[in-house]
Amino acid sequence: MIIYKNGGSKHYGETGKNGSGQSIFHFQNRQKNLRFLYQPGHPLSKADGFRKDVIDLVKELDVPIVRYPGGNFVSNFYWEDSVGPVEERPHRLELAWRSLEKNEVGLHEFKKWADAAHSEVMMAVNLGTRGITDACNLL
């Protein structure tokens, strides 16, 4: 599902309660002003850093399932890095995007976001650079 603004109107696909999940992006002015789930310090962010406008839009769309981690991010995801106190989480090079992943949004934070958005989390596991034992340990 792609959500975008074109001349002030929203465009998006229909979702069903038994859907396999959705990918949500927001593009405006040729990908300028992207809306991110987590953007601390942004005027539209709540105290926890999550954008209220994005939460409200996901609720409005009635998105039943959101995959975590999503996209290429799962290919180098170490779930152990995403739990515990945020300030103690290790930083890791994110291979898909060649950026520094600070693990500020981990398993628990994403679950809180999904609850606020009235969505369920569909966990994805990293079988690209990790193994089945690591995936089982998440359970």
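Is Trp79 buried or exposed? At 18% relative accessibility, Trp79 counts as buried; buried means under 20% relative accessible area, exposed over 50%, and partly exposed in between (1.4 Å probe, protein chains only).

The model is predicted: local features need pLDDT of at least 70, side-chain atom pairs count only at pLDDT 80 or more, and totals for chains, interfaces and linings use all residues. Residues are numbered from 1 along each chain as its sequence is written, and side-chain values use heavy atoms, with hydrogens and water left out.

Select Trp79 in the loop between β4 (65-68) and β5 (92-94); helices (H or I, at least four residues) and strands (E, at least two) are DSSP runs, numbered from the N terminus. Next, display Leu107, Arg130, Asp134, Asn137 and Leu138, which Trp79 touches when residues up to four places away in sequence are not counted; contact means heavy atoms within 4.5 Å. Trp79 and Asp134 are 55 residues apart in sequence, yet their C-alpha atoms are 8.7 Å apart in space.

Remain in the loop between β4 and β5 and select Pro69. A cis peptide bond, with omega about -10°, joins Tyr68 to Pro69.

Move to Asp62, in the loop between α1 (52-61) and β4. Asp62 is not a glycine, although its phi is positive, about 60°. With a relative accessible area of 36%, Asp62 is partly exposed.

Finally, select His118, in the loop between α2 (107-116) and β7. The phi of His118 is also positive, near 60°, in a residue other than glycine. His118 is exposed, with a relative accessible area of 59%.
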